[in-house]
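User: Please go through the labels used for this model and say what each one rests on.

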Amino acid sequence: MKSARTSAESGITEELLVDLESAFRTGGERRSLRSAPSVSDVVFASTAFVAGLITVAIMLAVGTFLSLRAGDAIGVAGFDFLVEQRWSPETQQFGIAAVLFGTFMIAAVAMVVSLPLSFGTALLVTEVARGRLQRWLITIVDLMAAVPSVVFGLWGLFFLQANVVPVAQWISHYFGWIPVLAVTDEAGAPLSDASAFTSSSFIAGIVVALMIVPTQTSVMRETFSQAPLGEREAALGLGATRWMMIKNVVLPFGRGGIIGGSMLSLGRALGETIAVYMIISPIFSINWQVLKTGGNSVSALIALRYGEASDFALSALMAAGLTLFLITLAINFTASIVVARSRSGAESEA
Amino acid sequence: MLTTPTRGTAIPDLSTVEEAPKRDLRGVRAEDVFNLLGALAAGAATATLLFGWIAPLTGGVGWFVVAFLSFIGVYAYLVKLGAGWQEVQDRVVTVLFVSAAVILVSALVFVVVYVVSRGSVALPNPNFFTEDMKRAGPLDPLSAGGVLHAILGTLIQIGIALAITIPLGIVTALYLTEVGGRFARFVRTIADAMTALPSIVAGLFVYSAVIMLITHQRSGFAAALAIAVMMMPIVIRTSDVVLRLVAGNLREAAYALGASRWRTVWHVVLPTARSGLVTAVILGTARGIGETSPVLLTSGVTAVTNLNPFNGPMISLPLQVFDFVRSPEPSMIVRGFGTAAVLLLLVLVLFLVARLIGGRGPGRLSASGMRRVEQASKRDLARIERRVSTQTERSER
């Protein structure tokens, strides 16, 4: 009823509506708005699809091949693979407890050394430096990411090794009461000879730290610079000093970046090979004393043992490599989720 | 009675108000400079005084640590003399930020300078760049032998790796951004996952899948495959980011003019993103050249020049560095540093080129590019005018 009245008011009669409707019905099909794909489009779309397919195929081939070959070794070793410290696949006694522990030990040293450096540099770049200095700092940090790891390894082996041993001796002399920092022989007597301090996880960790600082700095810098201008100005307008503003505005907003950046770089630190291989003297037992000679990492183990390896030993090495890959994979995915969440501003709304 | 307010803004008469001299809000006060310099001097003095007193703390690093700690302490005290705790906190934290950056930058500069200066003993010999190590033993002086074989090996390996990764990587990135769909999201996830692959595991994969099963010998091609597996995810991810930066309205304008999807990609998206794509490839190349661990397992070590990537071992620069410094001979170690310097310079040049190209945003042109575009549109104009004039002639006839 109502619709009839309104249409009558606007001058549209029932007959006209019926006419229009029939005109629509008989006026032909609805036009499709999609144009027919041209030949070049079909070729392009299918080429691109094939490229994507090849990429996925390569990547999946790596994953599948590693898991299949690693399966042999894990099948033999079983659960012992995770708790055994020795590595002698010939006698079927092998496990990654010691090498995995060593990997995390080196990564932990690297994180402790690199986090203050990257945190300070990122805040300097976003909050203090302006203009040309800011651009230069960003360029230098990016450049550092491109320096080959063998160059860092060379520096660590020939320079750092000799110069950091006195510091390590000093730390263990004064802080030896902390178990991790002590350097003792098997009987528990403290060692002070310089040869007990070379090729340690500590030295390898410092070199790895220099390699992961750029990743941390650039992720942190990106999230810090996204802290909202309004809140910054409000804090400064209330009389906050720069540090109070950073503490109360920038850091809460950038928390995701700090965590995500650290985790991404942790993934790199775990996989770093050549510098660790050059510096460390490999051992196959768990060494809690970070300053003491001897340590190991999964990647150094692979570089050390792949050459003389039989088929089965190679499969054991693959199992170790696969474990490392799965760990870095989990860390990277968690990190990218954390970073993505911090970017959408989820924390700022709470 | 209320008076009706006058409309408009009343501007008070300011001519009687005295203006104070403007305060400088940004400049550095002399006091701050003196605080900083004094604290620096005090830190250095304290460290020198204590040097050797706290018995085992010797060596340059120890001196530096003591100097730094006492510098921070003295600086905090000096600031406290003239300001409150808030300001002390602010100043000390700022100084800590600056010192973090100084440590970082000087570490980088020091690493580069240390390697180049120790390698500079080997670099002035011209034979270092023109000979291989075939006739030079560990005991030979630096005037014999060189790293030509490693330089050539690096170029061949990275060339093959680029021939695989550039087409595959960029077309895959185009698939992710321009075609899209559920499978594209899957491809992106897989590519992201592969960035986590440790480089040594990539090498181990090629070693056991290609060398052990198919070729039965190490070769330059196997090394190139390992490098390509490492570079692929990097190139895909960075190109994906660059292509996504191309403004959507450019694409829409092309579609509105009736261009097909392929023509839009070829004439609009790719030219706009060109500089970014080049940067992505160059940065990937810099990473690929420096990778040692995948090459260590796959290329094999040799002292002779081998130009055939499919037959026999072929060494590259990073592996040559690693191989040289394993020798106890001082001359070999010097050669190792020289090789590292060559590698470093190569990476630096690549990085600078990437910076020069990638410094511009998507679609921005350099001066010469601008001229080229201008020339092209002038040609177009001339062509159109010619056609118009012939058509008018025809219609007049």
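**Labels and their grounds**

User: Which residues does A:Ser265 contact, apart from neighbours within four places in sequence?

Analyst: A:Ser265 is in contact with A:Ser114, A:Ile212, A:Thr215 and A:Gln216, leaving aside neighbours within four places in sequence. Two residues count as being in contact if their C-beta atoms, placed from the backbone, lie within 7 Å. The model is a predicted one, in which local features need pLDDT of at least 70 and side-chain atom pairs count only at pLDDT 80 or more, while totals for chains, interfaces and linings use all residues. Residues are numbered from 1 along each chain as its sequence is written, and chains are lettered from A and ligands numbered from 1 in the order in which they are written.

User: Why is A:Ser265 called buried?

Analyst: A:Ser265 has 29 C-beta neighbours inside 10 Å and therefore counts as buried. The label requires 20 or more other C-beta atoms within 10 Å of the residue's own, whereas 12 or fewer give exposed and counts in between give partly exposed, with C-beta atoms placed from the backbone. A:Ser265 is found in helix H10 of chain A. Its C-alpha atom is separated by 9.6 Å from that of A:Ala110, which is 155 residues away along the chain.

User: What makes A:Ile203 buried or exposed?

Analyst: A:Ile203 is buried, because 28 other C-beta atoms lie within 10 Å. A:Ile203 lies in helix H8 of chain A. Not counting residues up to four places away in sequence, A:Ile203 touches A:Gly156, A:Leu160, A:Gln161, A:Val164 and A:Ile279. Of the 350 residues of chain A, 45% count as buried.

User: How many helices and strands does chain A have?

Analyst: Chain A has 14 helices and 2 strands. These are DSSP runs numbered from the N terminus, helices being H or I of at least four residues and strands being E of at least two. Among contacts in chain A between residues at least 6 apart in sequence, 76% join residues at least 24 apart.

User: Why are H8(A) and H10(A) placed in their orientation class?

Analyst: The axes of helix H8 (residues 201–225) of chain A and helix H10 (residues 242–271) of chain A come within 8 Å and cross at roughly 150°. That makes H8(A) roughly antiparallel to H10(A). Angles over 145 degrees count as roughly antiparallel, under 35 as roughly parallel, 65 to 115 as roughly perpendicular and the rest as oblique. The axes are lines fitted to C-alpha atoms, for helices over the stretch in contact, and angles run from 0 to 180 degrees between N-to-C directions.

User: What is the handedness of the crossing of H8(A) and H10(A), and which residues meet there?

Analyst: H8(A) passes H10(A) in a right-handed crossing. The near helix is turned clockwise from the far one by less than a right angle in a right-handed crossing, and anticlockwise in a left-handed one. Among the residues that meet are A:Ile212, A:Thr215 and A:Gln216 in H8(A) and A:Ser265 in H10(A). The residues of this contact divide into 9 nonpolar, 10 polar and 2 charged. Ala, Val, Leu, Ile, Met, Phe, Trp, Tyr, Cys and Pro count as nonpolar, Asp, Glu, Lys and Arg as charged, and the others, Gly among them, as polar.

User: How do you know the relative direction of H8(B) and H11(B)?

Analyst: Helix H8 (residues 220–244) of chain B and helix H11 (residues 274–290) of chain B pack at about 155°, with their axes 9 Å apart. That makes H8(B) roughly antiparallel to H11(B). Their crossing is right-handed. The residues of the contact divide into 10 nonpolar, 5 polar and 1 charged.

User: Why do H9(B) and H10(B) get their orientation label?

Analyst: Helix H9 (residues 248–256) of chain B and helix H10 (residues 261–272) of chain B pack at an angle of about 160°, with axes 10 Å apart. H9(B) and H10(B) are therefore roughly antiparallel to each other. The crossing is right-handed.

User: How many residues join chain B to chain A?

Analyst: 76 residues of chain B are in contact with 72 residues of chain A. Helix H3 (residues 85–119) of chain B gives the largest share of the chain B side, 19 residues. That side divides into 56 nonpolar, 15 polar and 5 charged residues.
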